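Please keep the sequence and the model at hand while reading.

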Amino acid sequence: MKPMGPIPPYFEVRAGQLVLAGQPFSHWLAQVETTPAFIYDMGVVRQKVAAFRAAMPSEVSLHYAVKANPLPALIRAMVTEVDAFDVASGGELERVLAAGAAAEQISFAGPGKRDAALEAAIRAGVTINLESESEAARALSIAARLGVRPRLAVRVNPDFDIKGSGMRMGGGAKPFGVDAERVPDLVRQLVDAGADWRGFHIFAGSQALDTEALIATQQATVKLAADLATQAGVAPPSVNLGGGFGIPYFPGDTPVDVERIGAALNATLAPRPEILRDTHFHIELGRWLVGECGVYLTRILDRKISHQEVFLVVDGGLQHQLAASGNFGTVVRRNYPLAIASAMDAPGDEEVSVVGCLCTPLDRLGDKVGLPHAEPGDVVAIFLAGAYGASASPMDFLGHGPAEEMLVGV
Ligand SMILES: *Cc1c(COP(=O)(O)O)cnc(C)c1O
């Protein structure tokens, strides 16, 4: 048998049934009337938000990075939970504005912003995190045409990334942000052009589990912001310190220690350079906030044996949960945590592979995992489906259609 990652500790089990937001999984499946379905438990998100607030210095605000899960119901529920939203496309911007977030609560990053999206952001009064000098020029000319003073921040490509992070987004040649040494000139240009310069956005990586590396990155980020501001000769109203807090997916992964990170950040900010004295600091998180709240529920259609190996063929697959199949940003395929949702207490003593209904060998959701004996009709729960699941999977591949998504516990 091959190991699986740890099941997140946020879910109850009652009489062997997986319970979400106080109800057995079957209650929620009856409401969506079909499988496969993603069920997201807002109660888990609230626990994460509370843990962040308890750990972090109160002057640090919490942004939700919408890319992780852009479900409109979730965005709406987030409006009262987080301080602000980070969007990375014109479409995400529309969703966040439609959810009722105020423009001052939104910042817009991401390479390749269309003119129409820049215009929508400038009209609304959203802060644009500029990814290049040429994007800055486009934003300034659109704002001039509209007769609006744009809110512009500069995304910095730092000379470091988060050691050991799952996805490197800083350090060296990158499509993201402006190389640090060119940032002071750009800031002066923005200020001279009369823009409302909002400060810096410095995002060094994603899915980092090493607490010490996250602490070191935040220290380096604060220092970089102070150095760049000093060179530009102007104090930044705000600095987005990035985020990158990961969650445990695989055997041996351990959660980040947010209390340690909070204490260290407090120690970093207390004696900060004078130029950052009145600066407001932000942390933007996607996966850490919502990844653990989601469960992908998929029903077994067939149980078959090939060369003595048991295959459970389910009605979902990588078209909804690409990451669990190991084909989204992983080098080596490893098993997400899986369970039989009606047999949570039973020992996992049968070795099975859980495969999706796509006619490709890539569609493997569990490889030689130990699960209780299961039959067609039983439901497999795949955990850690709250972030980069439904919206980060090739939904139209093979034409089975999208999965249902439902937010519960609001
Ligand atoms: C993707 C992204 C995030 C979210 O990353 P998580 O790992 O989900 O927290 C935050 N900020 C920026 C700029 C991003 O591109």
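Which residue stands opposite Val 154 in E9? Leu 130 stands opposite Val 154 in E9. This is a predicted model, in which local features need pLDDT of at least 70 and side-chain atom pairs count only at pLDDT 80 or more, while totals for chains, interfaces and linings use all residues. Residues are numbered from 1 along each chain as its sequence is written, and side-chain values use heavy atoms, with hydrogens and water left out.

- Helices (H or I, at least four residues) and strands (E, at least two) are DSSP runs numbered from the N terminus.
- Two strands are said to pair if DSSP finds at least two bridges between them.
- Strand E9 covers residues 151-157, and six of its seven residues are buried, so the strand is largely enclosed by the rest of the structure.
- Buried here means under 20% relative accessible area, exposed means over 50%, and partly exposed lies in between (1.4 Å probe, protein chains only).
- E9 pairs with strand E8 (residues 127-130) in the parallel sense, over three bridges.
- Together with helix H6 (residues 133-146), E8 and E9 make a right-handed β-α-β unit; right-handed means that, with the strands pointing away from the viewer, the path from the first strand over the helix to the second runs clockwise.
- Strand E12 (residues 196-202) also pairs with E9 in the parallel sense, over six bridges, and Arg 155 stands opposite His 201 in E12.
- Strand E11 (residues 178-179) runs parallel to E9 and is joined to it by two bridges; the bridge partner of Asn 157 in E11 is Asp 179.
- In a regular strand the side chains alternate between the two faces of the sheet.

**Arg 182**

- Arg 182 is placed in the loop between E11 and helix H7 (183-192).
- With a relative accessibility of 38%, Arg 182 counts as partly exposed.
- The side chains of Arg 182 and Glu 133 are joined by a polar contact of 2.7 Å.
- A polar contact is a pair of N or O atoms within 3.5 Å; within protein, one must be able to donate a hydrogen and the other to accept it, and residues adjacent in sequence count only if both atoms are side-chain atoms.
- Arg 182 and Leu 398 are 216 residues apart along the chain, and their C-alpha atoms are separated by 46 Å.

**Strand E16 and its partners**

- Strand E16 (residues 294-306) pairs with strand E4 (residues 37-41) in the antiparallel sense over four bridges, and the bridge partner of Phe 38 in E16 is Tyr 296.
- E16 also pairs with strand E21 (residues 379-382), again in the antiparallel sense and over four bridges; here Arg 299 stands opposite Val 379 in E21.
- Six bridges join E16 to strand E17 (residues 309-314), and these two run antiparallel.
- Ser 306 has Glu 309 as its bridge partner in E17.
- E16 and E17 form a hairpin with two residues between them, and His 307 in the turn has a positive phi of about 50°.

**The sheet E1-E2-E3**

- Three strands, in the order E1-E2-E3, form an open sheet with antiparallel pairing.
- Its edge strands are E1 (12-14) and E3 (23-24), each of which pairs on one side only.
- Three bridges link E1 to strand E2 (residues 17-20) in the antiparallel sense, and Arg 14 stands opposite Gln 17 in E2.

**The ligand site**

- Thirteen residues lie around the ligand, and Lys 67, Ser 206, Gly 286, Arg 287 and Tyr 388 come nearest; a residue is near if one of its heavy atoms lies within 4 Å.
- Oxygen atoms of the ligand are 2.9 Å from a polar backbone atom of Gly 286 and 2.8 Å from a polar backbone atom of Arg 287.
- In the side chain of Tyr 388, an N or O atom is 2.6 Å from an oxygen atom of the ligand.
- Taken alone the ligand exposes 380 Å², of which the protein buries 93%; accessible areas come from the Shrake-Rupley method with a 1.4 Å probe, and for residues only the protein chains shown count as cover.

**Cysteines**

- The count of disulfides is zero, where a disulfide is a pair of cysteine sulfur atoms within 2.5 Å.
- Cys 357 is in no disulfide, and the nearest cysteine sulfur, that of Cys 359, is 10 Å away.
- Cys 357 is partly exposed, with a relative accessible area of 21%, whereas Cys 293 is buried, at 0%.
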